[in-house]
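Colleague: I would like to go through the terms used for this model. Please set each one against its cut-off.

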Amino acid sequence: MNRYRLTVEFDGRNFMGWQRQKHGATIQGSIEEAGASIAGQPTPVQAAGRTDAGVHGLAMTAHIDVARDFTPFRLMEALNARLKPRPIAILSCEQVDPEWHARFSCIGRRYLYRIINRRPPLTLEAGRAWHVIKPLDAETMDIAAKRLIGLHDFTTFRSVHCQSKSPVKTLDHLDVRRIGDQIEITAAARSFLHHQVRSMVGCLVLVGQGQWTADDMTTALEARNRAALGFNAPPDGLYFTQAIY
């Protein structure tokens, strides 16, 4: 069995998320379907992380197992041809050791959340960013974001459907910056809880709108209670940007 490392870009709007499901189209399912049509047999795919419905990927790392021999370039071209017209692209492909694993070998994950902060409706960015009309104070948001960095019990920012064994995670990086009418929130950690990034972003927007303070963010964190959460940001603005090995 040959194992290939893939870098995958995708627009998540028309998918039920990354993970294969029976009731709708997914990124994993689409790539496995394309791989099977090339190899003539099942081609399992595993990724560095899972994304929810509507979440996008700029550079998701995954691996695919194929029994037949392909050069990486030929496999990449064949997968891309069969993935059309779905908004999924294999950006790179390389053969790796069969022991290498996209998920279990990963030591860090990075996400980007994009907010368009303006009154006019979104046109080109609709579905690719969260449209927030009320002015946001990015500097105040960044100050509050720093309250979440470090080793914490993130129960407040964890979905009730999260399957992680522990709510305790180390958040390495959480930055907020404004570029024109766009606010970018970047997050990095070894791993994240289900909905953690979207939950943190939702609370940061409350801070940016003046409804919460940095102290309120600390209070929510220390409550270790989902009921203390402000709200979840929508999936539209969330992007998986990098897996670190």
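Modeller: First, the ground rules. This is a predicted model, where local features need pLDDT of at least 70, side-chain atom pairs count only at pLDDT 80 or more, and totals for chains, interfaces and linings use all residues. Residues are numbered from 1 along each chain as its sequence is written, and side-chain values use heavy atoms, with hydrogens and water left out.

Colleague: What makes the protein chain as compact as a globular protein of that length?

Modeller: Start with its make-up: five helices and 10 strands. These are DSSP runs, numbered from the N terminus (helices: H or I, at least four residues; strands: E, at least two). The radius of gyration, taken over C-alpha atoms, is 19 Å. The globule rule is 2.2 Å times the number of residues to the power 0.38. For 245 residues that rule gives 18 Å, and 19 Å is close to it, so the chain is as compact as a globular protein of that length.

Colleague: Where do the domain bounds fall?

Modeller: Domain 1 is 1-93 and domain 2 is 106-242. The bounds come from an automatic or database domain assignment. Over C-alpha atoms, the domain centres are 27 Å apart.

Colleague: How many residues of domain 1 are in contact with domain 2?

Modeller: 16 residues of domain 1 are in contact with 17 of domain 2. Contact here means heavy atoms within 4.5 Å. The area buried between them is about 1,200 Å², with 52% from carbon and sulfur atoms. Buried area is the accessible area (1.4 Å probe) that two parts lose on being put together, summed over both. Asp52, His56 and Leu58 supply 39% of what domain 1 buries against domain 2, more than any other three residues.

Colleague: Why is the pairing of Asp52 and Arg198 called a salt bridge?

Modeller: The rule asks for a side-chain nitrogen of Lys or Arg within 4 Å of a carboxyl oxygen of Asp or Glu. Asp52 and Arg198 meet at 3.4 Å, N to O, so the pair qualifies. Across the interface of domain 1 and domain 2 the rule finds two salt bridges.

Colleague: What makes the Lys84 to Pro85 peptide bond cis?

Modeller: Its omega is near 0°. Pro85 lies in the loop between helix 2 (72-83) and strand 4 (88-96).
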